[in-house]
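Here is a short report for a first look at this model.

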Amino acid sequence: MQKLLIIDSCMREESRTRIILDAAKEVLASRYDIETIDVNALALPPVTPGFLKDRTGGRVPEEIVSIARKIASADRIVIAAPFWDMSFPAVLKAFIENMSLYNVTFTDDGTTCTGLCKCTKLLYITTRGMDIPTGDVRDQGSSYLKALSSLWGLGEVTTVAAWNLDYMSADKVEEKLEETATLARKLAQDF
Ligand SMILES: Cc1cc2nc3c(=O)[nH]c(=O)nc-3n(C[C@H](O)[C@H](O)[C@H](O)COP(=O)(O)O)c2cc1C
């Protein structure tokens, strides 16, 4: 079975983003061997000068290398995170910083950086409070993950999102989430 890695950065018990993630997971579970990384449980700190010095000198904690290897060897990746401050929570950015390991997730060919990841499709699941459609200049989540895909070599990035949720009636929110969960299930069939 192919390997699928879920990078779960949902932030609230009642997370609406996780409702969409769970819908996609339902479908994906029949075709993939799924492993989930709980970004909040891991809570990696951002890369600081001392850590960078060690890392540049080749000293990286084995736990971090081993997670980066899981990313590099996954056939598919799903990232789920709420839309915060026009992109995603800093804990996820810190996680990505830690995983950006030379000769594990990326390398260089003498002229530029190239990806080392096996993944050919990345699914990004999010919900936004404001009326910000995917691809809008204010959506710095999907644009960032597309850029990351070009660095690590993660392949095609598909975003499944529901937006304007903080400015809808409770009924409308429920309807929108069901509609987006249905889309996530549909996309998961060909993922
Ligand atoms: C700390 C924080 C920052 C947020 N920043 C934004 C933002 O910049 N733009 C936006 O559209 N919504 C923002 N929101 C609203 C969330 O994106 C929205 O409520 C989303 O559905 C939350 O996802 P969740 O239910 O999975 O936690 C923010 C919410 C929080 C708690």
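## The shell around the ligand

This is a predicted model. The shell around the ligand is made up of 5 nonpolar, 4 polar and 5 charged residues. In total, 14 residues surround the ligand. The closest are Arg12, Ser15, Thr17, Phe83 and Thr127.

The space that the ligand takes is the largest pocket.

Which parts of Ser15 and Phe83 come up to oxygen atoms of the ligand? For Ser15, a polar side-chain atom lies 2.7 Å from a ligand oxygen. For Phe83, a backbone N or O atom lies 2.6 Å from an oxygen atom of the ligand.

Asp166 uses its side chain. An N or O atom there is 3.0 Å from an oxygen atom of the ligand. On its own, the ligand has 640 Å² of accessible area, and the protein covers 79% of that.

How many disulfides does the model have? The count is 0. A disulfide needs two cysteine sulfur atoms within 2.5 Å.

Take Cys10. The closest cysteine sulfur to that of Cys10 belongs to Cys119. The two are 18 Å apart, so they are too far from each other for a bond. Cys10 is buried, because its relative accessible area is 5%, and the cut-off for buried is under 20%.

Cys113 is in no disulfide either. The nearest cysteine sulfur, in Cys117, is 13 Å away.

Notes
Residues are numbered from 1 along each chain as its sequence is written. This is a predicted model: local features need pLDDT of at least 70, side-chain atom pairs count only at pLDDT 80 or more; totals for chains, interfaces and linings use all residues. Side-chain values use heavy atoms; hydrogens and water are left out. A residue is near a molecule or strand if one of its heavy atoms lies within 4 Å of it. A polar contact is a pair of N or O atoms within 3.5 Å; within protein, one must be able to donate a hydrogen and the other to accept it, and residues adjacent in sequence count only if both atoms are side-chain atoms. Accessible areas come from the Shrake-Rupley method with a 1.4 Å probe; for residues, only the protein chains shown count as cover. On a 1 Å grid over the protein atoms alone, a cavity is a set of points where a 1.4 Å probe fits but cannot get out, and a pocket is an open set with protein on both sides within 12 Å along at least five of seven lines; lining residues have an atom within 4 Å of a point. A molecule sits in a cavity or pocket if more than half of its atoms lie within 2 Å of its grid points. Ala, Val, Leu, Ile, Met, Phe, Trp, Tyr, Cys and Pro count as nonpolar, Asp, Glu, Lys and Arg as charged, and the others, Gly among them, as polar. Buried means under 20% relative accessible area, exposed over 50%, partly exposed in between (1.4 Å probe, protein chains only).
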